[in-house]
Amino acid sequence: MTPQTSAFCSIVPPHLLEHLARSSNPAVAAAARRTLVADAAARTFRVLPLPGAAPTLAPGDAGKPHRTVHDCARGTDLPGTKVRGEGEEAVADATVNRAYAGLGATFDLFLNAYGHDSIDGSGLPLIASVHYDENYGNAFWNGEQMVFGDGDDEIFLDFTLPVDVIGHELAHGFTQYTANLEYFSQSGALNESVSDVFGSLVKQYALDQSAEQADWLIGEGLFHPNVEGTALRSMKAPGTAYDDDVLGKDPQPGHMDDYVRTGRDNGGVHINSGIPNHAFYLVATELGGKAWERAGQIWYDVMTGGTLAPETRFDEFAAATVAATRARYGEGEEIQAVLKAWTAVGVPTD
Amino acid sequence: MRIRVRRTGGFAGIERSAEVAVTDPELEALAATVLADGDGDVRGVPDGFSYEITVDGRTVRCCDPRLTDAQRTLVTRVLKEGA
């Protein structure tokens, strides 16, 4: 920073406010709590775009991916320059090739496990843009395509590195075209959780792992080596993915007793997703074998069954999994596993 | 002029905020533009960042990816210089 530009005054990272709010010094704690309450008032609502009409594909194209990867060249114009299309040879840029492969891995899971052709079920072309913006530590789904940053060189590396992150983003598209869960509060946490579930299943399917072999982590390998943490989220043990001096501790709960009420992050969509995430993990590990087969099938049936409202809450989603399990598997070990899992995370199913 | 930027959401759900006291005319002009333009498109996207930009007590909101050039330049500079 040069003196003639601006003088830095203060920065209070949110996790420090959280720490300070629990301070043994009442004045410090009260001041921090006031700031946190002010933060909570600043909530923003997000409304997802309505599902668009699927493009018509030529006969013979069904059941095949239609991938295109673009390069934003560190700019923000989307989609950027096309650098690799379907069936084209790998390029020199590993980020481009990872995105291309990740789109394929996600397509493969949905088609081979569920007979779902692309994320809309009708062969939607899959589009990704990489190298978005400079030092951009994020990836997102913009309603039409996936967008990946290169990381901020401080906390995050290249967002195309973990295949479950690619699967997570595309699964936002799957949700948009199916249950269209509103991206706020409990329905938003379910939207996030469904992306973590299918993101993790993309990784497990690609590695041909059983539920016991899977790491159940989201974003493993994404953190910069300086960060004390293995991943962003753990479906197996929510709240344990990272514990870092700068970032603070993974805030995810794994039980309704610890549900976080907040206005930030669209009502804590990336926090409370830990609860349904853990329920899925419990179903998958109770049943054993390949998680995408029965546990994944149940979640898929719920998302595509047409019974979920956009503002679905946890208990309504849980009840829908019970109904979907009975419809597909009857009264057997599957229904017992589902009921047991939701009970374990404190979500009623009736 | 004091400029505060709070960035929430994102894939990680990790929040960042920074505040700077500004004397640079270029940054002041940028902040004035952002204030005059008002709230951006506050309809965000899944995993996108949301931003609150507060300039001398007045706050405007915007979301990725639909930031104006002025909003993007300002949030980038404040988050970097206030870090």
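1. In chain B, B:Pro65 sits in the loop that separates S4 from helix H2 (69-81). Helices (H or I, at least four residues) and strands (E, at least two) are DSSP runs, numbered from the N terminus. The peptide bond from B:Asp64 to B:Pro65 is cis, with omega near 0°.

2. The model is predicted: local features need pLDDT of at least 70 and side-chain atom pairs count only at pLDDT 80 or more, while totals for chains, interfaces and linings use all residues. Residues are numbered from 1 along each chain as its sequence is written, and chains are lettered from A and ligands numbered from 1 in the order in which they are written.

3. A cis peptide bond is also present in chain A, between A:Leu78 and A:Pro79, with omega about 5°. A:Pro79 belongs to the loop between strand S2 (67-71) and strand S3 (81-85) of chain A. Most residues other than glycine have a negative phi, and most peptide bonds are trans.

4. Strands S3 (residues 49-55) and S4 (residues 58-63) of chain B run antiparallel and are joined by six bridges; strands pair if DSSP finds at least two bridges between them. B:Ile53 has B:Val60 of S4(B) as its bridge partner. The hairpin has two residues between the strands, and B:Asp56 takes a positive phi near 45° there. B:Asp56 is exposed, because 11 other C-beta atoms lie within 10 Å (buried means 20 or more other C-beta atoms within 10 Å of the residue's own, exposed 12 or fewer, partly exposed in between; C-beta atoms are placed from the backbone).

5. A positive phi, near 55°, also occurs at A:Ser185, a residue other than glycine. A:Ser185 lies in helix H5 (residues 185-207) of chain A and is buried, with 20 C-beta neighbours inside 10 Å.

6. The unreviewed UniProt entry places the feature "active site" at A:Glu169 and A:His270. Although spread over 102 residues of sequence, these positions cluster in space, with a largest C-alpha distance of 13.3 Å. UniProt positions follow the numbering used here, feature names are shortened, and annotations may be inferred rather than shown by experiment.

7. A:Glu169 lies in helix H4 (residues 163-177) of chain A and is buried, with 27 other C-beta atoms within 10 Å. Its contacts (C-beta atoms, placed from the backbone, within 7 Å) include A:Trp141 and B:Asp47, not counting residues up to four places away in sequence.

8. A:His270 occupies the loop between helix H6 (264-268) and helix H7 (274-287) of chain A. A:His270 is buried, with 27 other C-beta atoms within 10 Å. With residues up to four places away in sequence not counted, A:His270 touches A:Glu192, A:Asp265, B:Ala12 and B:Gly13.

Definitions and conventions. Contact = placed C-beta atoms within 7 Å.
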